[in-house]
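Visitor: Please take one part of this model and go through it closely, then show how the rest of the chain relates to that part. Plain terms with their cut-offs will do.

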Amino acid sequence: MIKWAIIFAIIGVIAGVLGFGGIAGAAVGIAKFLFWAGIIIAVVLFLIGMSVAKKVS
């Protein structure tokens, strides 16, 4: 997900430089959403993994 966030951020920057404001804003918005969604999923999976590891050992 972070990979796609970076791709959309780059698309947003390029579109902004070329003057496509609407596309740039949408791409950056998608990039922000994907970034935070990826971070939240990673933290949740980390916490689940830590709780399972404590039960196993």
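Guide: Phe46 has its place in helix 2, where helices (H or I, at least four residues) and strands (E, at least two) are DSSP runs numbered from the N terminus. The model is a predicted one, in which local features need pLDDT of at least 70 and side-chain atom pairs count only at pLDDT 80 or more, while totals for chains, interfaces and linings use all residues. Residues are numbered from 1 along each chain as its sequence is written, and side-chain values use heavy atoms, with hydrogens and water left out.

With a relative accessible area of 53%, Phe46 is exposed; buried means under 20%, exposed over 50%, and partly exposed in between, using a 1.4 Å probe and protein chains only. Phe46 and Ile11 are 35 residues apart along the chain, and their C-alpha atoms are separated by 30 Å.

Helix 2 covers residues 21–56, and Gly25 is part of it. The 36 residues of this helix should span 52 Å at 1.5 Å a residue, and its end C-alpha atoms are 52 Å apart, which agrees. The expected span is 1.5 Å times one less than the number of residues. Gly25 is partly exposed, at 46% relative accessibility.

Which residues of helix 2 are buried? They are Ala24, Ala27, Ala31, Leu34, Ala37 and Gly38. The buried residues of helix 2 pack against helix 1, residues 2–18, with contact meaning heavy atoms within 4.5 Å. Ile10 belongs to helix 1 and counts as partly exposed, at 47% relative accessibility.

Now the partner helix. For the 17 residues of helix 1, 1.5 Å a residue predicts a span of 24 Å, and the end C-alpha atoms are 24 Å apart, which agrees. Ala5, Gly12 and Ala15 are buried in helix 1. They cover an arc of only 95° around the axis, which puts them on the same side of helix 1; the arc is that of the directions from the helix axis to the C-beta atoms. Helix 2 is included in what covers the buried residues of helix 1. Lys3, Val13, Val17 and Leu18 are exposed on the other side of helix 1. Just after helix 1, Gly19 has a positive phi of about 95°.

The aromatic rings come next. Rings of Phe, Tyr and Trp (its six-membered ring) pair if their centres lie within 6.5 Å; planes under 30 degrees apart count as stacked, over 60 as edge-to-face and the rest as tilted. By this rule there are two aromatic pairs. The rings of Trp4 and Phe8 have centres 6.5 Å apart and planes at 45°, so this pair is tilted. Both Trp4 and Phe8 lie in helix 1, four residues apart, which is about one turn of the helix. Phe8 is partly exposed, with a relative accessible area of 24%. For Phe35 and Trp36, the ring centres are 5.1 Å apart and the planes are at 75°, so the pair is edge-to-face. Phe35 is partly exposed at a relative accessible area of 35%, whereas Trp36 is exposed at 53%.

Finally, the chain that holds these parts. Its secondary structure comes to two helices and zero strands. The radius of gyration of the protein chain is 17 Å, well over the 10 Å that the globule rule gives for 57 residues, so the chain is more spread out than a compact globule. That radius is taken over C-alpha atoms, and the globule rule is 2.2 Å times the number of residues to the power 0.38. Taken along the principal axes, the C-alpha atoms fill a box of roughly 55 × 15 × 10 Å. Of the 57 residues in the protein chain, buried ones make up 16%. The chain exposes about 4400 Å², of which carbon and sulfur atoms supply 83%; accessible areas come from the Shrake-Rupley method with a 1.4 Å probe, and for residues only the protein chains shown count as cover.
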